[in-house]
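Here are my notes for when you open the structure. Keep the viewer beside you and go through the points one at a time.

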Amino acid sequence: MALPKAQPAEVLRAWQKDDFYEKQFAGQLARIIPSHHAPKTIPISSLLYKSFTTLKDLQTLGEEYSGIVQVDESYHKLPTYGNRLLSILLSAFGETVTRKLLSQVEKKIEVNGTLRPEVQNVLLIVVKALGNIVPQIESIHRALSYINGGPLQIGKFVSGIDYVHVRPAAAAYYAHLRLLGLVTLLHAFVSSGKSLYEAKKNIEQLSNFPNEVDSNKTCVACLEELLHPCVLHCGHLFCMQCCYGALDNCPLCRTPFTKNTVVPIMNYYPGEL
């Protein structure tokens, strides 16, 4: 007879317990490694903790506490070694790798001289919006797990891993978890919608920029005609292609800036400056 599928509350309890132990482990690691490597302790502690438990066909401390066991999609067998390894790597490094890939794409777009400024800026806006949505993907998956059950980690879901009870669980209707799932899902959708709306608004603003300005106005950075003028927080004016391109500090005063602090000037007329 097949074992019953683990209830959402038991899966959540196991995840909370494991997360607590992983953070404690990360705190201990942070004491023995250089301070500039401290941010790396969280994924490393997760990797080591799961490698000594899940990867060796053992329950984690949280799973043992909740009385649940990882199984494959058939709910009759333990997950294969490959699936367990994949789930561990995705859980430990999935979001970090995704962010680094998006960052690399953004840098390649910024230094690509073959793209027109309009296309370049649209692509940068889209990549930034995707970066803002990445955390919401995990929230949406977690909300669906609260409602329908299943693993809380996307890595386990992707690798086809679920949970079953190995000891009788108290019969209960976890209405509060369903409510939490609905609230989390709503918040994630609102946050994602806000990021997409801001990206759409920025793209629309780009389409309204004037295409040409007075030929006497020249961008100091590229020594070309000042097109689509933008101002930095130091007050100096440059063309959009330079501001959103390879520049990371003002060519005039050397003040560093980030792309999200660049302010496009709407309805620019040389005589007004």
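Which residue's side chain does the side chain of E10 join in a polar contact? Have a look before reading on, and remember that this is a predicted model.

1. **The E10 contact.** The partner is R13: a polar contact of 2.8 Å joins its side chain to that of E10. You'll find E10 in helix α1, which covers residues 8–32. E10 counts as buried because its relative accessibility is 9%, and the cut-off for buried is under 20%.

2. **Helix α5.** Now go to residues 117–148, the 32 residues of α5. From its first C-alpha to its last, this helix reaches 46 Å, close to the 46 Å expected at 1.5 Å a residue. Still, α5 has a kink of about 30 degrees at V134, shortly before the proline P135. After the helix comes G149, with a positive phi near 90 degrees.

3. Most residues other than glycine have a negative phi. So which way does the phi of D57 go, positive or negative? D57 is not a glycine, yet its phi is positive, about 65 degrees. Look for D57 in the loop between α2 (41–51) and α3 (61–66). With a relative accessible area of 46%, D57 is partly exposed. Y75 also has a positive phi, near 60 degrees, and is a residue other than glycine. Y75 sits in the loop between β1 and α4, and is partly exposed at a relative accessible area of 27%.

4. β1 takes in residues 68–71. I68 and Q70 point one way from this strand, while V69 and V71 point the other way. Are these four buried or exposed? All of them are buried. Strand β2 (residues 162–165) runs antiparallel to β1, and 4 bridges join the two. For one of these pairs, find Q70: its bridge partner in β2 is Y163.

5. **The open sheet.** Here 3 strands line up in the order β4-β3-β5, with antiparallel pairing. Which strands are at the edges? They are β4 (237–239) and β5 (263–264), each of which pairs on one side only. β3, at residues 229–231, pairs with β4 over 3 bridges.

6. **The nonpolar cores.** The largest nonpolar core has 18 residues, and those touching the most other members are C219, C230, L232, F238, C243, Y244 and V262. Which elements give two or more residues to this core? They are α4 (81–111), α5, β4 and α8 (240–243). Take L232 as a worked example: leaving out residues up to four places away in sequence, L232 touches F238, C243, C250, F257 and V262. Apart from this core lies another one of 10 residues, including A6, L12, A14 and Y146.

7. **L89 and L47.** L89 is found in helix α4. How many residues apart along the chain are L89 and L47? They are 42 residues apart, but their C-alpha atoms are separated by 7.1 Å. L89 touches L47 and also G94, again not counting residues up to four places away in sequence. L89 counts as partly exposed because its relative accessibility is 39%.

Methods. Residues are numbered from 1 along each chain as its sequence is written. This is a predicted model: local features need pLDDT of at least 70, side-chain atom pairs count only at pLDDT 80 or more; totals for chains, interfaces and linings use all residues. Side-chain values use heavy atoms; hydrogens and water are left out. The expected span of a helix is 1.5 Å times one less than its number of residues. The bend at a residue is the angle between axes fitted to the seven residues ending there and the seven starting there. Two strands pair if DSSP finds at least two bridges between them. A nonpolar core is a set of buried Ala, Val, Leu, Ile, Met, Phe, Trp, Tyr and Cys residues joined through side-chain atoms within 4.5 Å. Buried means under 20% relative accessible area, exposed over 50%, partly exposed in between (1.4 Å probe, protein chains only). Contact means heavy atoms within 4.5 Å. A polar contact is a pair of N or O atoms within 3.5 Å; within protein, one must be able to donate a hydrogen and the other to accept it, and residues adjacent in sequence count only if both atoms are side-chain atoms.
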